[in-house]
Amino acid sequence: MRIVVLVKPVPDTASGGERLRPDDFRLDRAAVPAVVNANDEYALEAALKLTEAHGGEVAMLTMAGPTAPETMRKALAMGAASGTLVTDDSLGGSDIVSTTRVLAAALKDLEYDLVFAGADTSDGGGGVVPAGVAALVGLPYLSYAARIEPNLEKRQVRVHRISPTGYDVLEAPMPALIVATQALGAPGRDSSTTAVLTTEAPPPRAATRVIRDPADEAARQVVAFLAERRII
């Protein structure tokens, strides 16, 4: 099973917040370090867990500036097998419509069984790009997934979608586009290969000896102290 995850670099709000360019009031992305969008990390983690359970690999698809590879390396470190970056100077400042069209066009050149996306991005918050991509590519659209159950034999996927009254259970043929939620599990929570078994305080420090004599006498005492303990 091959899953493509839509991943977007966004400004790191922990670095001091977003900055706007004074000429057009757009985000000055060069002035703020970029990180992987948090909701996209949840989607990536969900994809990795599914490929661990069912076999296959995870790939990324990103539309961003030329510095995006620095951010994509974190997603690759999480376990993604590959990444595709669509970048061009003309794409700078793209709105929702142009972003949707570019991602949809790029997706048509990739092979996949499922496409995952985050619910929204911290630098935009519209949350409609995944739906637009699904519409342009012609994929079933399954939103706000709290559980994802692919059936490779039947080429179907079942999703438990969060609703105001609980959960809706949706089924669709594969390939399909699924919007992941944080209910699927935090990134890295189950990926560690080590565990802390116990902790204990260090032993108390032994008594210390303070030498306050003049330099020559102090040096003699230090040498004698070290020699007595066979350190020199």
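Visitor: Why is Arg73 called partly exposed?

Guide: Arg73 has a relative accessible area of 46%. Buried means under 20% relative accessible area, exposed over 50%, and partly exposed in between, with a 1.4 Å probe and protein chains only. Arg73, at 46%, is therefore partly exposed. This is a predicted model, in which local features need pLDDT of at least 70 and side-chain atom pairs count only at pLDDT 80 or more, while totals for chains, interfaces and linings use all residues. Residues are numbered from 1 along each chain as its sequence is written, and side-chain values use heavy atoms, with hydrogens and water left out.

Visitor: What makes Arg73 and Glu70 a salt bridge?

Guide: Their closest N and O atoms are 2.8 Å apart. A salt bridge is a side-chain nitrogen of Lys or Arg within 4 Å of a carboxyl oxygen of Asp or Glu, so the pair meets the rule. Arg73 and Glu70 are 3 residues apart in helix H2, which means that about one helical turn separates them. Helices (H or I, at least four residues) and strands (E, at least two) are DSSP runs numbered from the N terminus. Glu70, with a relative accessible area of 58%, is exposed.

Visitor: How many salt bridges does the rule give?

Guide: The count comes to 9. One of them joins Asp113 and Arg155, with 2.7 Å between the closest N and O atoms. Asp113 lies in the loop between H3 and S6 and Arg155 in the loop between S7 and S8, so the pair ties together parts 42 residues apart in sequence. Another joins Glu149 and Arg147 at 3.6 Å, N to O.

Visitor: Is Asp113 counted as buried or exposed?

Guide: Asp113 has 15% relative accessibility and therefore counts as buried.

Visitor: What makes the largest nonpolar core a core?

Guide: A nonpolar core is a set of buried Ala, Val, Leu, Ile, Met, Phe, Trp, Tyr and Cys residues joined through side-chain atoms within 4.5 Å. The largest one has 30 residues, and those with the most contacts inside it include Ile3, Leu114 and Phe116. Helix H1 (38–54) is among the elements that give two or more residues to this core, and H1 supplies the largest share, 6 residues. A second, separate core of 21 residues includes Val4, Ala59, Ala119 and Ala134.

Visitor: Which residues does Leu114 contact?

Guide: Contact means heavy atoms within 4.5 Å. Leaving aside neighbours within four places in sequence, the contacts of Leu114 include Ile3, Val157 and Ile178.

Visitor: Why are the buried residues of H4 said to line one face of the helix?

Guide: The buried residues of H4 (129–137) are Val129, Pro130, Val133 and Ala134. Seen down the axis of H4, they fall within an arc of 135 degrees, so they line one face. The arc is that of the directions from the helix axis to the C-beta atoms. These residues pack against helix H3 (96–107), S6, S7 and S10.

Visitor: What share of the protein is buried?

Guide: Buried residues make up 35% of the 232 residues. The protein has 5 helices and 10 strands.
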